[in-house]
Amino acid sequence: MDYYPYTEEELNALKAKDPILAKAIENIPHIYKEVWLDPFGSLSRQIIGQQISNKALLGILRRVEPYLNPDSILKMDISELRELGISERKGMTLKEIARLAKTGRLDKERLALLSDEEIIEELSAVKGIGRWTAEMFLLFCLERKSILSYGDYGIRKGIMMVYGYKSLSPLRFERIRKRLSPYLSLASLYFWEIAGTYK
């Protein structure tokens, strides 16, 4: 099992960026967050997990795991995917990313040459993939360091808890993002942990 990698030096650098956040995370032990390093598998998990609980996601993944590869997904009918608990909309998106994988567009060596925003733009062109899904792919598959998603409820909740905000506007979020940069993915882990909505 692989976990999102970060060092004590990176954590200390994040703490140095913001004393309020530093105090909030000082007693939280090292966070071991599982990552999915296979691009197709990781993106599929994000698609399947949209708008369902972690418990429901794990149940579906247990059923679909033997088929979770591009060749199998492309061979399956939407009705077969629905029998595994995957909605028609998500099934169509899985087939599209299976086609992307087969053409090499999800190849990690190719993606390594692209910026975060370029990858988000490419993935968001696929029906069923929005910015949040693309950002989670960047964090939990490509292990990019600068991902702090305004579209993620848990991150917003964690930020509001740390700083005592009753609401979080995009402008306020952007100020925090700039302050904590470039350790944003690491900050995401701790905001999730604080919020109790850990991905």
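Colleague: At what angle do the axes of H3 and helix H10 cross?

Modeller: Roughly 140°, and the axes of H3 and H10 (residues 131-140) come within 10 Å. Axes here are lines fitted to C-alpha atoms, for helices over the stretch in contact, and angles run from 0 to 180 degrees between N-to-C directions. That makes H3 oblique to H10. Under 35 degrees counts as roughly parallel, over 145 as roughly antiparallel, 65 to 115 as roughly perpendicular, and the rest as oblique.

Colleague: Which residues of H3 and H10 make the contact?

Modeller: From H3, Pro 39, Ser 42, Leu 43, Gln 46 and Ile 47; from H10, Trp 132, Thr 133, Met 136, Phe 137 and Phe 140. Contact means heavy atoms within 4.5 Å. By class, that's seven nonpolar, three polar and no charged residues.

Colleague: Before I go on, what should I know about the source?

Modeller: It's a predicted model: local features need pLDDT of at least 70, side-chain atom pairs count only at pLDDT 80 or more, and totals for chains, interfaces and linings use all residues. Residues are numbered from 1 along each chain as its sequence is written, and side-chain values use heavy atoms, with hydrogens and water left out.

Colleague: OK, H3 and H7 next. At what angle do they pack?

Modeller: About 165°, with the axes of H3 (residues 39-48) and H7 (residues 88-102) 10 Å apart. H3 and H7 are therefore roughly antiparallel to each other.

Colleague: And who makes that contact, H3 with H7?

Modeller: Phe 40, Leu 43, Ser 44, Ile 47 and Ile 48 of H3 meet Lys 90, Thr 93, Leu 94, Ile 97, Ala 98 and Ala 101 of H7.

Colleague: Is Gly 41 buried or exposed?

Modeller: Buried, at a relative accessible area of 6%; the cut-off for buried is under 20%, with exposed over 50% and partly exposed in between (1.4 Å probe, protein chains only). Gly 41 sits in H3. C-alpha to C-alpha, Gly 41 is 13 Å from Met 136, though the two are 95 residues apart in sequence.

Colleague: Switching topic: which residues touch the most other members of the largest nonpolar core?

Modeller: Ile 48, Leu 180, Tyr 190 and Phe 191, out of 61 residues. Helix H13 (residues 184-195) gives the largest share of this core, eight residues.

Colleague: What does Ile 48 touch?

Modeller: Leaving out residues up to four places away in sequence, Ile 48 touches Leu 57, Ile 60, Leu 61, Val 64, Leu 68, Ile 86, Lys 90 and Leu 94.

Technical notes
Helices (H or I, at least four residues) and strands (E, at least two) are DSSP runs, numbered from the N terminus. A nonpolar core is a set of buried Ala, Val, Leu, Ile, Met, Phe, Trp, Tyr and Cys residues joined through side-chain atoms within 4.5 Å. Ala, Val, Leu, Ile, Met, Phe, Trp, Tyr, Cys and Pro count as nonpolar, Asp, Glu, Lys and Arg as charged, and the others, Gly among them, as polar.
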